Amino acid sequence: MSNPYRLKIIAILHQERQYVSQLARDLGISRPLLYLHLQKLEEVELIRSHHEISENGKAMKYYELDSFNLTLNEQVIAGLADSLTLKKRKE
């Protein structure tokens, strides 16, 4: 959750399930970068994926949001703080 793209992915999947290419276009990022974020979200069981075959025979990987409820408190924030990336200010 420490990356804004992951929050955007969750917001998009909250509306409807999406396939990888469409998610990449919606976010304006490459598919390899998107897969990195999707993998992180899948590892913590916030999203899940499955393959479908389209009418024209093309394999498509869809992602959808799993239902979740996060408790946010000082312990959670302290535990996540080390994973945050801070941009250095130009002097």
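The model is predicted: local features need pLDDT of at least 70, side-chain atom pairs count only at pLDDT 80 or more, and totals for chains, interfaces and linings use all residues. Residues are numbered from 1 along each chain as its sequence is written, and side-chain values use heavy atoms, leaving out hydrogens and water.

**Helix H2 and its surroundings**

Let us start with H2 (residues 20-27) and H3 (residues 31-43), whose axes come within 10 Å and cross at roughly 105°. That makes H2 roughly perpendicular to H3 (65 to 115 degrees; under 35 counts as roughly parallel, over 145 as roughly antiparallel and the rest as oblique). Axes here are lines fitted to C-alpha atoms, for helices over the stretch in contact, with angles from 0 to 180 degrees between N-to-C directions. Helices (H or I, at least four residues) and strands (E, at least two) are DSSP runs, numbered from the N terminus.

On the H2 side, Val-20, Ser-21, Leu-23, Ala-24 and Leu-27 make the contact, and they meet Arg-31, Leu-34, Tyr-35 and Leu-38 of H3 (contact means heavy atoms within 4.5 Å).

Which residues of H2 are buried? They are Val-20, Ser-21, Leu-23, Ala-24 and Leu-27, where buried means under 20% relative accessible area, exposed over 50% and partly exposed in between (1.4 Å probe, protein chains only). Just after H2 comes Gly-28, with a positive phi of about 70°.

**Salt bridges**

There are 3 salt bridges in the structure, each a side-chain nitrogen of Lys or Arg within 4 Å of a carboxyl oxygen of Asp or Glu.

| Pair | N to O distance |
|---|---|
| Arg-17 and Glu-52 | 2.5 Å |
| Arg-48 and Glu-64 | 3.8 Å |
| Asp-66 and Arg-48 | 1.7 Å |

The pair of Arg-17, in the loop between H1 and E1, and Glu-52, in strand E2 (residues 47-53), links distant parts of the chain, 35 residues apart. Arg-17 is partly exposed at 35% relative accessible area, and Glu-52 is partly exposed at 28%.

Arg-48, Glu-64 and Asp-66 are linked in a network of salt bridges. Within it, Arg-48 is partly exposed at 38% and Glu-64 is partly exposed at 23%, whereas Asp-66 is buried at 17%.
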